[in-house]
Amino acid sequence: MEHRTIKQEEDIAPEQAEPPGTGRAAGSPFSAPLAALSSTIEQPLARTPRPALWASVPDAQWDDWRWQLAHRLNSVEELAQIIHLTPEEIEGLTADGKFRVDITPYFASLIDPDDPHCPIRRQVIPLGRELQAFEGMMEDSLAEDKHSPVPGLVHRYPDRVLMLVTTQCASYCRYCTRSRIVGNPHANFSRAEFDLQIDYLRRTPQVRDVLLSGGDPLTLAPKTLEHILSSLRAIPHIEIIRIGSRIPVFLPQRITDEFAEMLKRYHPLWMNIHVNHPKEITPELSRALDKLSYAGVPLGNQSVLLAGINDSVNIQRELVHKLVRNRVRPYYLYQCDLVKGAGHFRTTIARGIEIIEGLRGHTSGYAIPTYVVDAPGGGGKIPVMPQYLISQAPGRVVLRNYEGYITTYDEPLDYDPHAIDHLDRQSSERREPGQIGVAGLLTGKLPFIKPEGFDETHRRNGIQHRLNANDAKWERFRMEEPPTDDPTAGSNGHAQHGQRNGNGNGNGHRNGNGNGNGNGNGKKKLNGNGAKRTEAAE
């Protein structure tokens, strides 16, 4: 068996913990129910049964996260000791060029040794078909590396970034969206690259939210992780830090009281875990989640919709119910990405919509994740859901509920959308250069969004002539000046150089009667260079 270790920087002591729902961490004088305070008999912790291979391992050793990492299974010979491997699993485990295999003893103990369809087993043991190409497959399907201003930092959304801090995980999901780098120790990020990430964040004040991911940030040595957290907390405009981790699922032993206390020093800090099937929610995971909750860490869960594993309304309902009982909010349900190795895990999007249809209204709204497709090519997460708005007319909207009940909602006839303007002007607006999108159409900041090359295509290699020379023809008349993202705008949100002139004096501004002046030089300057603004300039 190949033993892998990580840098050891703190001693880990065996710990006791209360079951979920107590609201008390291990060691708290109030961690036991009142009726049991007088009792001196300690109740044994609930544990997942271990295979015979590890039956003699002392609990103190089994509960040491470093021991778990050092004794991961990754070969046919090792896995055959606890699982009856199928020919296709053997083919996958022995294939050249396969994505890395490592399974912690704890997570391996959840596998049904006799069921090749076991949902735990399917997620971590490769099949021969894993290396088969499929239509649309990409190495970096989300274009993360294309949207990376410095190595390991992905800045796709206006006010938040993804910060990759390691390529290592405790165990490796077979559908990993970052299999191009994850699991490869030679692809890990250097100290110099980390310094570039921090420098970028310091000089980019629009970023208020940093998501740590990888790999799994919780595989880092404790002092290394704390250095990253403290470096981020030292940047004034970073409001929240999030951690995306599957360590509580693969290696709940890592969530110690000391670790939870360390996280408390860097609030507001959030964590999203990754549970795909109810079978992954064990007493060990529940204790780990309880420690994190007691430390004040809000918890969410991200699942991936996986064919033959969790693509069922009943399985998803059981999963979300178990999550909320552990104070974990279901956050996202992802459509499987178009990444190499994931072809046999993919479902149709129709299946995902069917699952949300089977949850919405049938269980608590708090327990329903947002189903999303992470857009191939780098468009970000796109929510997908059943259609509840059936039709609409002026003053009336037709809606349906989860039962098929159809009703109408009468809209107010005297609604004034500008009544809020005086308060809205008191609220700060964050600029989103180049990413205002459809919201810009609704607010009037954009007149349209054009596909790349739209104008060149429609010029048809023609000439400029008397009919197409004046851009003022295609400017829309507005009763009021629309808001702008122009940096020269005044505090009221209007462009200082673009106020409407009501006297028709031929100065190149639109006049008050709705007609642009006809002097041929009246282009409305929207983006600083005289060109009409499109989405790419916003």
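**Figure 1. Buried residues of helix α7 in the predicted model.** In this predicted model, the buried residues of α7 are Phe 194, Gln 197, Ile 198, Tyr 200 and Leu 201. Viewed down the helix axis, the buried residues of α7 fall within an arc of 160°, so they line one face of the helix. The face turned away from this buried side carries Ala 192 and Arg 202, both of which are exposed. The cover over the buried residues of α7 includes the strands β1 (153–157), β2 (160–164) and β3 (209–213), together with α8 (222–233).

**Figure 2. Length of helix α7.** Helix α7 comprises 12 residues, 191–202. At 1.5 Å a residue, α7 should span 16 Å, and its end C-alpha atoms are 16 Å apart, which agrees.

**Figure 3. The largest nonpolar core and the surroundings of Met 163.** The largest nonpolar core holds 84 residues. Within this core, Met 163, Leu 201, Leu 212 and Leu 263 have the most contacts. In soluble globular proteins, nonpolar side chains tend to be buried together. When neighbours within four places in sequence are left aside, the contacts of Met 163 include Phe 194, Gln 197, Ile 198 and Leu 201. Other contacts of Met 163 include Gly 152, Leu 153, Val 210, Leu 211, Leu 212, Ser 213, Ile 228 and Leu 232.

**Figure 4. The loop holding Asn 326.** Asn 326 lies in the loop between α12 (313–325) and β7 (329–335). Its relative accessible area is 7%, and because buried means under 20%, Asn 326 counts as buried. The side chain of Asn 326 reaches the backbone oxygen of Lys 322 at 2.8 Å.

**Figure 5. The whole chain and its confidence.** The protein chain contains 16 helices and 12 strands. Of its 538 residues, 46% are buried. Among contacts with a separation of 6 or more, 72% join residues 24 or more positions apart. The average pLDDT of the chain is 85, and 82% of the residues score at least 70. Over residues 1–40 the pLDDT is below 50, although this stretch has 79 contacts in the model beyond near neighbours in sequence. Residues 487–538 also have a pLDDT below 50, and this stretch has 103 contacts in the model beyond near neighbours in sequence. Where pLDDT is low, the predicted coordinates should not be read in detail.

Terms used. Residues numbered from 1 in each chain as written. Predicted model: local features only at pLDDT ≥ 70, side-chain atom pairs only at ≥ 80, totals over all residues. Heavy atoms only, no water. Helix = DSSP H or I, 4+ residues; strand = E, 2+ residues; numbered from the N terminus. Expected span 1.5 Å × (residues − 1). Buried < 20%, exposed > 50% of the residue type's maximum accessible area, 1.4 Å probe, protein only. Arc of directions from axis to C-beta. Contact = heavy atoms within 4.5 Å. pLDDT = per-residue confidence, 0-100. Core = buried A, V, L, I, M, F, W, Y, C linked by side-chain atoms within 4.5 Å. Polar contact = N/O pair within 3.5 Å; in protein donor to acceptor, adjacent residues only side chain to side chain.
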